[in-house]
Amino acid sequence: MAEIKGGGSVYKARKTPTKIYPSSPPKTPDGIEFLYHTINRERADQVEAAFQDRIVTTQILYKPAILAGARVNFSGNRWQIHSERDLWKIVPFPSKHQVCDWNENLNPNWNPHDSGTTAEPDSFFIYDNSYDFSADRFEELQEEFLQHLLSSVVLEIEYNPYFKMDRKIDESADAFLGRCMERARAEFEKEVHNLTETLHRLKDRLQQRLEREETFQDEIEAHDSKTTIEDIKREMEDLEKQTQAKLSEFEENLAGIAKESERDILRINRSHTSLLRFALIWLPYIEYVIQEKDSRRLELVPSF
């Protein structure tokens, strides 16, 4: 009997399994990498605590899976985006008549520290003749994986359709909006200048009229002079309001254009995809025999 220690608990792998499973993995062709996923001690501790003293016996069982990793990039597209990422998947190894489900990922957070080259002592393996571990099958599955990436991996680009500006991969929404506003002001700076110049000329003319009325106030009737001056002042106030309103409207229009946003979906091609690793990985499960009053039941728990 072997003991697997972790977090203060002891997980006993018994030599007397409840079912008959092979005690060694199948032979695989040379050139095909195979490895063992390490046991997640924290998960095993949680299961042990949940079942407590109802556990009669345990054993470690390994199931076959595929570890596949690839590096993809979106360089050379029309948005001048240079984005590179590594994608990793662990999916159940399909039996002979099954289709591999590449959308399933049993451990999205896998890293190389989660694997080793040896199995836990006194463990067993779940597989039969329905599993094809030949070199041809691995080549077929590898091609399936690459085709899956080509059809499913995309990069979503947010862009401003007016300025044809794209949001960078690590750029915040506020930063992108700020860049678009700067571009909008630069594009329409001449229009703003023309608008303000026109309004300033109108204001100058009214100011000149007001000064003339005030200068010659004594030469005309007081009532008429007062009325004319008040009218000019009201016109100047109205012009000031119009100026502020037009500038505000202009600013809103610029903001509206800067906030325009559409999305484009970019896909990878074969030349921008490189395989990093493709291996047979054995995933550990702990099978518990649980005492339930007058009966017993089996509980097979993923431990990776």
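Colleague: Where does Leu67 lie?
Modeller: This is a predicted model. In it, Leu67 belongs to strand β4, residues 55-73.

Colleague: Is Leu67 buried or exposed?
Modeller: Buried. Its relative accessible area is 0%.

Colleague: What is Leu67 in contact with, leaving aside neighbours within four places in sequence?
Modeller: Leu35, Trp88, Lys89, Ile90, Trp110, Arg277, Phe278, Ala279 and Ile281.

Colleague: How many residues apart in sequence are Leu67 and Phe278?
Modeller: They are 211 residues apart in sequence. In space, their C-alpha atoms are 5.6 Å apart.

Colleague: Let's move to helix α3. How many residues does it have?
Modeller: Helix α3 has 15 residues, 173-187. From first C-alpha to last it reaches 21 Å, close to the 21 Å expected at 1.5 Å a residue.

Colleague: Which residues in α3 are buried?
Modeller: Phe176, Cys180, Met181 and Ala184. They cover an arc of only 140 degrees around the axis, so they sit on the same side of α3.

Colleague: Why would residues three or four places apart point the same way?
Modeller: Because an α-helix has 3.6 residues a turn.

Colleague: Which residues are exposed on the other side of α3?
Modeller: Asp174, Glu182 and Ala186 are exposed there.

Key:
Residues are numbered from 1 along each chain as its sequence is written. This is a predicted model: local features need pLDDT of at least 70, side-chain atom pairs count only at pLDDT 80 or more; totals for chains, interfaces and linings use all residues. Side-chain values use heavy atoms; hydrogens and water are left out. Helices (H or I, at least four residues) and strands (E, at least two) are DSSP runs, numbered from the N terminus. Buried means under 20% relative accessible area, exposed over 50%, partly exposed in between (1.4 Å probe, protein chains only). Contact means heavy atoms within 4.5 Å. The expected span of a helix is 1.5 Å times one less than its number of residues. The arc is that of the directions from the helix axis to the C-beta atoms.
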